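Hi,

Here is the structure I promised to pass on. Have a look at it first, and my notes on what I found follow below.

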Amino acid sequence: MAEQPAIDPMHQFLVQKIWQGPVFEIGGITFDMSITNSVASMIGGAVILMAFFALTARGQIVPNRGQAFAEAIYGIVDKLLVQTIIGPAGKPYVPYLFGLFVTILVLNLMGVLLAIGNLGGLTLTFTVTSQLAITATLAVLTFFSVFILGFIKQGPKFLSIFWVPGMGVLGGIAMVLIEMISYFVRPMTLAMRLFGNMLGGHVVLSLFGSFVVALGILGLSGGLSSLAFLPAALSFVMIVGLTGLELVVAILQAFVFVALATVYLNEVVNFGHGH
Amino acid sequence: MAMQEHQDPAADAAHGAPAGAAEAHGAAAGHESSGGLPQFDFAQWPGQIAWFLVIFFVILAFVRFFVTPKLGGTIEARDGRIEGDIAEARRMKEAADAEAADAAAEIAAARGRAQKVAADARAKAQGEIAAALAEEEAKLAGVAAEAEARIGKARDAAMTNVQAIGAEAAEAIVEKLTGRKATAAELAAVRS
């Protein structure tokens with residue numbers, strides 16, 4: 001962005017090649033395996049994530065600060081979500097849900113926190129979770145894993161989740177359609193929620209940032225234009241506040257995604273209970 | 001330059017990149033410079049998704065084989081250990097309680113024995129005192145009876161003397177009044 005002064009809040013979402021990788025085609029789909037800013041951010045996130053847990057997760061019975069912190073994050077998924085929503089039967093699914101949580105969390109947070117690099121003219125931020133391709137991948141992967149698990153665990157009677165009893169035959173069939181739509185719209189809502197939250201916040205931040213620059217430059221031209229410093233300062237204050245808000249959103253959306261995944265999983269694991 | 005509003009077609013075209021927030025969606029897939037959100041540039045999807053899946057599964061494997069044992073396993077081990085320690089403490093407390101109960105029972109038994117010994121001693125002492133009292137009473141009763149007997153004898157003797165004196169006095173009174181001596185038979189008749 002540094003070399004391009006034009007104000008374009010969408011520029012930050014642009015996938016740009018850093019290193020040209022192999023390009024191949026499978027079934028008419030072209031896979032360009034180049035390292036882009038998106039892929040670099042993913043790898044960076046994975047490295048940060050693994051380094052964090054490699055350093056903190058020491059398996060100490062009496063935990064030090066790092067271990068206690070890592071356990072607190074683990075407890076969000078393990079105790080707060082899985083054991084509360086699913087119960088002890090949810091234990092085998094904790095690794096997946098925890099992996100999902102920390103992946104989304106680290107990618108969300110990188111999008112906000114690494115913006116500090118902008119001060120030095122470095123564009124370190126690329127919010128991977130603001131890419132619909134990624135949120136859709138996570139949502140579809142999670143949703144269909146749960147759906148297939150339903151058939152593995154419950155067999156064909158898993159389809160009865162679409163049947164609402166006490167509606168008669170015709171009403172029942174109508175309800176099956178509605179239930180199926182509301183069920184299969186889940187991966188879409190999962191993907192769009194995370195994507196929309198990340199996109200919206202970053203667009204607003206970028207816009208206010210551009211206001212600071214544009215109005216500041218206008219103010220420098222002197223005279224009556226100096227008044228432009230006022231809205232520039234206001235925009236800056238907004239950025240500070242919104243960055244804090246974005247941090248909350250980054251954590252909250254990771255939590256919401258995993259919480260919903262846990263709720264969906266619960267329907268499968270505790271099938272037939274408490275409907 | 002920077003004072004323009006945030007949509008600069010020239011700059012966008014120069015960069016050859018999708019831009020402009022408004023007219024998004026219907027963007028033709030696979031074209032680099034289609035309008036709208038860069039996220040809807042579907043040409044970028046396969047590569048991104050493939051990379052992401054690889055990285056995500058690496059993270060999942062890391063979580064499954066490193067983080068979960070180190071965190072979940074540790075939390076469980078700690079909970080287990082705390083539970084074990086609590087159970088051990090409870091067991092020890094129960095043992096101590098049982099011992100305390102034994103000791104209390106022993107104390108109660110000892111107190112019972114001591115009370116019995118005291119009661120026996122008291123009963124024995126009382127028996128002895130009663131026997132001594134009875135003996136003394138018997139002795140005193142003997143003495144009293146003897147004394148009474150002596151008194152009775154003395155009284156009898158005295159009574160006999162009083163009769164003799166009375167007879168003599170009566171004889172003397174009769175003699176004085178009648179001028180003659182009363183006969184012994186008369187006197188005996190009066191006396192009875």
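Before the notes, one definition: I call two residues in contact if their C-beta atoms, placed from the backbone, lie within 7 Å. Please also keep in mind that this is a predicted model.

Let me start with Tyr74(A), where that definition comes in. Leaving out residues up to four places away in sequence, Tyr74(A) touches Phe98(A), Leu71(B) and Gly72(B). Tyr74(A) sits in helix H2 (residues 65–86) of chain A. Is Tyr74(A) buried or exposed? Tyr74(A) has 24 C-beta neighbours inside 10 Å, so it counts as buried; the cut-off for that is 20 or more. Val102(A) is 28 residues away from Tyr74(A) along the chain, and their C-alpha atoms are separated by 9.1 Å.

Now the contact between the two chains. It draws 51 residues from chain A and 44 residues from chain B. On the side of chain B that touches chain A, helix H1 (9–15) and helix H2 (45–178) of chain B each supply at least two residues. H2(B) gives the largest share of that side, with 29 residues. Sorted by class, the side of chain B that touches chain A has 28 nonpolar, ten polar and six charged residues.

One helix pair there is worth a look on your screen. Two packed helices are described by the angle between their axes and the distance between the axes. For helix H1 (residues 37–56) of chain A and H2(B), the angle is about 5 degrees and the axes are 10 Å apart. Angles under 35 degrees count as roughly parallel, and H1(A) and H2(B) are therefore roughly parallel to each other. From H1(A), the residues that meet H2(B) include Val39(A), Met42(A), Ile43(A), Leu49(A) and Phe53(A). From H2(B), the residues that meet H1(A) include Trp51(B), Phe52(B), Ile55(B), Phe62(B) and Phe66(B). By class, this contact of H1(A) with H2(B) has 15 nonpolar, two polar and no charged residues.

Next, chain A as a whole. Its secondary structure comes to seven helices and four strands, and along the sequence the pattern reads β-β-β-β-α-α-α-α-α-α-α. The C-alpha atoms of chain A fill a box of roughly 75 × 55 × 45 Å along the principal axes. Chain A has 275 residues, of which 38% count as buried. Among the contacts in chain A with a separation of 6 or more, 60% are between residues 24 or more positions apart.

Helix H6 (residues 186–220) of chain A has 35 residues, and from its first C-alpha to its last it reaches 51 Å, close to the 51 Å expected at 1.5 Å a residue. After H6(A) comes Gly222(A), which has a positive phi, near 80 degrees.

Over in chain B, Glu168(B) is in helix H2 of that chain. With 11 other C-beta atoms within 10 Å, Glu168(B) is exposed. Glu168(B) and Lys116(B) are 52 residues apart in sequence, and 76 Å apart in space from C-alpha to C-alpha.

Last, confidence. Chain A has a mean pLDDT of 87, with 96% of its residues at 70 or more. Within chain A, confidence is highest in helix H3 (residues 94–113), at 93, and lowest in strand S1 (residues 17–19), at a mean of 83. Over residues 1–5 of chain A, pLDDT stays under 50, and the model has eight contacts beyond four places in sequence for them.

Cheers

Notes:
Residues are numbered from 1 along each chain as its sequence is written. Chains are lettered from A and ligands numbered from 1 in the order in which they are written. This is a predicted model: local features need pLDDT of at least 70, side-chain atom pairs count only at pLDDT 80 or more; totals for chains, interfaces and linings use all residues. Ala, Val, Leu, Ile, Met, Phe, Trp, Tyr, Cys and Pro count as nonpolar, Asp, Glu, Lys and Arg as charged, and the others, Gly among them, as polar. Axes are lines fitted to C-alpha atoms, for helices over the stretch in contact, and angles run from 0 to 180 degrees between N-to-C directions. Angles under 35 degrees count as roughly parallel, over 145 as roughly antiparallel, 65 to 115 as roughly perpendicular and the rest as oblique. The expected span of a helix is 1.5 Å times one less than its number of residues. A residue is buried if 20 or more other C-beta atoms lie within 10 Å of its own, exposed if 12 or fewer, and partly exposed in between; C-beta atoms are placed from the backbone. pLDDT is the predictor's confidence in each residue, from 0 to 100.
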